[in-house]
Amino acid sequence: VISVADARSADGTITLADAVPAGATAVQINVTAANMTGPNFLSVTAGDKTSTETSLVNWDDGDTQIANSITVPIDAERQIKVFCGDQTGSTDVTVDVFGYYL
């Protein structure tokens, strides 16, 4: 579960509080998978959901970085949930928020 409420630097320091304001219902994000260890996929949904049926990013052996954009709903706490699939690979994940809906 990832909070998208505040803008943060790479080390987690808040650089802009309430970048996504209270009352927002969805965010536009770019999700990047990097340093993959084997084939797998990522899915994204609102932070209070328990599952999602749609993959956002899929990769195979030999891929080193891949990204995709999505508009995704957020929960009341302004959070999203990123799922890594059930295959053997793992990955580092970067989420960039570039818009929101009120």
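User: Where is the place of Asp6?

Analyst: Asp6 sits in the loop between strand 1 (2–3) and strand 2 (7–8). A strand here is a DSSP run of E with at least two residues, numbered from the N terminus. The model is predicted, so local features need pLDDT of at least 70 and side-chain atom pairs pLDDT 80 or more, while totals for chains, interfaces and linings use all residues. Residues are numbered from 1 along each chain as its sequence is written, and side-chain values use heavy atoms, without hydrogens and water.

User: What does Asp6 count as, buried or exposed?

Analyst: Buried means under 20% relative accessible area, exposed over 50%, and partly exposed in between (1.4 Å probe, protein chains only). Asp6 has 19% relative accessibility, so Asp6 counts as buried.

User: Which residues is Asp6 in contact with?

Analyst: Leaving aside neighbours within four places in sequence, Asp6 is in contact (heavy atoms within 4.5 Å) with Ile14, Leu16, Ala17, Asp18 and Ala19. The side chain of Asp6 also reaches the backbone nitrogen of Asp18 at 2.7 Å.

User: What do Asp18 and Asn35 count as?

Analyst: Asp18, in the loop between strand 3 (14–16) and strand 4, has 45% relative accessibility and therefore counts as partly exposed. Asn35, in the loop between strand 4 and strand 5, has 54%, so Asn35 counts as exposed. Asp18 is not a glycine, yet its phi is positive, about 55°. Asn35, also a residue other than glycine, has a positive phi near 60°.

User: Which residues are the closest to the centre of the largest pocket?

Analyst: The largest pocket has a volume of about 400 Å³. Of its 17 lining residues, Asp6, Ala7, Arg8, Val95 and Asp96 are the closest to the centre. Strand 1, strand 2 and strand 9 (92–101) each give two or more residues to the lining. Strand 9 has the largest share, seven residues.

User: Which residues of the largest nonpolar core touch the most other members?

Analyst: A nonpolar core is a set of buried Ala, Val, Leu, Ile, Met, Phe, Trp, Tyr and Cys residues joined through side-chain atoms within 4.5 Å. The largest one has 16 residues, of which Val27, Ile29, Val44, Ile74 and Ile80 touch the most other members. Strand 4 (26–34), strand 5 (40–46) and strand 6 (57–59) each give two or more residues, and strand 4 gives the most, with four. Beyond four places in sequence, Ile74 touches several residues, including Val4, Val20, Val27 and Ile80.

How values were computed:
Polar contact = N/O pair within 3.5 Å; in protein donor to acceptor, adjacent residues only side chain to side chain. 1 Å grid on protein atoms, 1.4 Å probe; cavity = no way out; pocket = protein on both sides within 12 Å on 5 of 7 lines; lining within 4 Å. Points joined across faces, edges and corners; volume = space filled by probe spheres on them.
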